[in-house]
Amino acid sequence: MKKKAYQEKLKSQLDEWDAKIDVLKAKASKAEAEAKLEYQETLEDLKKKRAEAKDKLQKLSEAGDDAWEDMKEGIEAAWSSLGAAIKSATSRFK
């Protein structure tokens with residue numbers, strides 16, 4: 001897979017996850033006090049994982065055409081972690 005196509009795939013996935021995080025934020029704002037605290041803790045975790053994923057995407061865009069392949073393992077790990085956290089949060093807060 002070419003670097004540009006890979007970046008576009010990652011950016012698209014990140015945009016999709018941003019939309020799911022926004023839905024969770026909206027639900028958190030309507031939740032009762034105890035549930036709101038749980039939402040906030042989950043959202044903070046998602047925020048950290050999303051920042052890490054965005055940082056990896058930024059570094060990928062700055063990487064040379066030869067070096068980006070070496071970054072894929074770290075990027076895939078960050079994406080997997082964020083994806084799993086979002087999936088867990090959305091299933092827990094239906």
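Which residues does alanine 89 touch, not counting residues up to four places away in sequence? Alanine 89 touches Leu24, Thr42 and Leu46, where contact means heavy atoms within 4.5 Å.

## The model

This is a predicted model, in which local features need pLDDT of at least 70 and side-chain atom pairs count only at pLDDT 80 or more, while totals for chains, interfaces and linings use all residues. Residues are numbered from 1 along each chain as its sequence is written, and side-chain values use heavy atoms, with hydrogens and water left out.

## Overall layout

The chain has three helices and zero strands. Helices (H or I, at least four residues) and strands (E, at least two) are DSSP runs, numbered from the N terminus. Along the sequence the pattern reads α-α-α. The C-alpha trace spans about 50 × 20 × 15 Å along its principal axes.

Of the 94 residues in the chain, 31% are buried. Buried means under 20% relative accessible area, exposed means over 50%, and partly exposed lies in between (1.4 Å probe, protein chains only). Taking contacts between residues at least 6 apart in sequence, 73% join residues at least 24 apart.

## How the helices pack

Axes are lines fitted to C-alpha atoms, for helices over the stretch in contact, and angles run from 0 to 180 degrees between N-to-C directions. Angles under 35 degrees count as roughly parallel, over 145 as roughly antiparallel, 65 to 115 as roughly perpendicular and the rest as oblique. A crossing is left-handed if the near helix is turned anticlockwise from the far one by less than a right angle, and right-handed if clockwise.

Helix 1 and helix 2 pack at about 165°, with axes 11 Å apart, and are therefore roughly antiparallel to each other. Their crossing is left-handed. Helix 2 and helix 3 pack at about 160°, with axes 9 Å apart, which makes helix 2 roughly antiparallel to helix 3. Helix 2 passes helix 3 in a left-handed crossing. The axes of helix 1 and helix 3 come within 11 Å and cross at roughly 20°, which makes helix 1 roughly parallel to helix 3. Their contact includes Lys3, Leu10, Leu14 and Leu24 of helix 1, and Trp68, Ile75, Trp79 and Ala89 of helix 3. The crossing of helix 1 and helix 3 is left-handed.

## The nonpolar core

In soluble globular proteins, nonpolar side chains tend to be buried together. A nonpolar core is a set of buried Ala, Val, Leu, Ile, Met, Phe, Trp, Tyr and Cys residues joined through side-chain atoms within 4.5 Å. The largest one here has 24 residues, of which Leu10, Leu14, Leu24, Leu46, Leu60, Trp79 and Leu82 touch the most other members. Helix 1 (3–30), helix 2 (33–62) and helix 3 (68–92) each supply at least two residues of this core. The largest share, eight residues, comes from helix 3.

Tryptophan 79 lies in helix 3 and counts as buried because its relative accessibility is 7%. Leaving aside neighbours within four places in sequence, tryptophan 79 is in contact with Leu10, Gln13, Leu14, Trp17, Ala53 and Leu57. Tryptophan 79 and leucine 10 are 69 residues apart along the chain, yet their C-alpha atoms are separated by 8.2 Å. Alanine 89 also lies in helix 3, and at 0% relative accessibility it counts as buried. Alanine 89 and leucine 46 are 43 residues apart in sequence and 8.8 Å apart in space, C-alpha to C-alpha.

Lysine 3 is in helix 1. Is lysine 3 buried or exposed? Lysine 3 is buried, because its relative accessible area is 12%. The side chain of lysine 3 reaches the backbone oxygen of alanine 63 at 2.3 Å and the backbone oxygen of serine 61 at 3.5 Å. A polar contact is a pair of N or O atoms within 3.5 Å; within protein, one must be able to donate a hydrogen and the other to accept it, and residues adjacent in sequence count only if both atoms are side-chain atoms.

Not counting residues up to four places away in sequence, lysine 3 touches Leu60, Ser61, Ala63, Gly64, Asp65 and Trp68. Leucine 60, with neighbours within four places in sequence left aside, is in contact with Lys3, Tyr6, Gln7, Leu10, Trp68, Met71 and Ile75.
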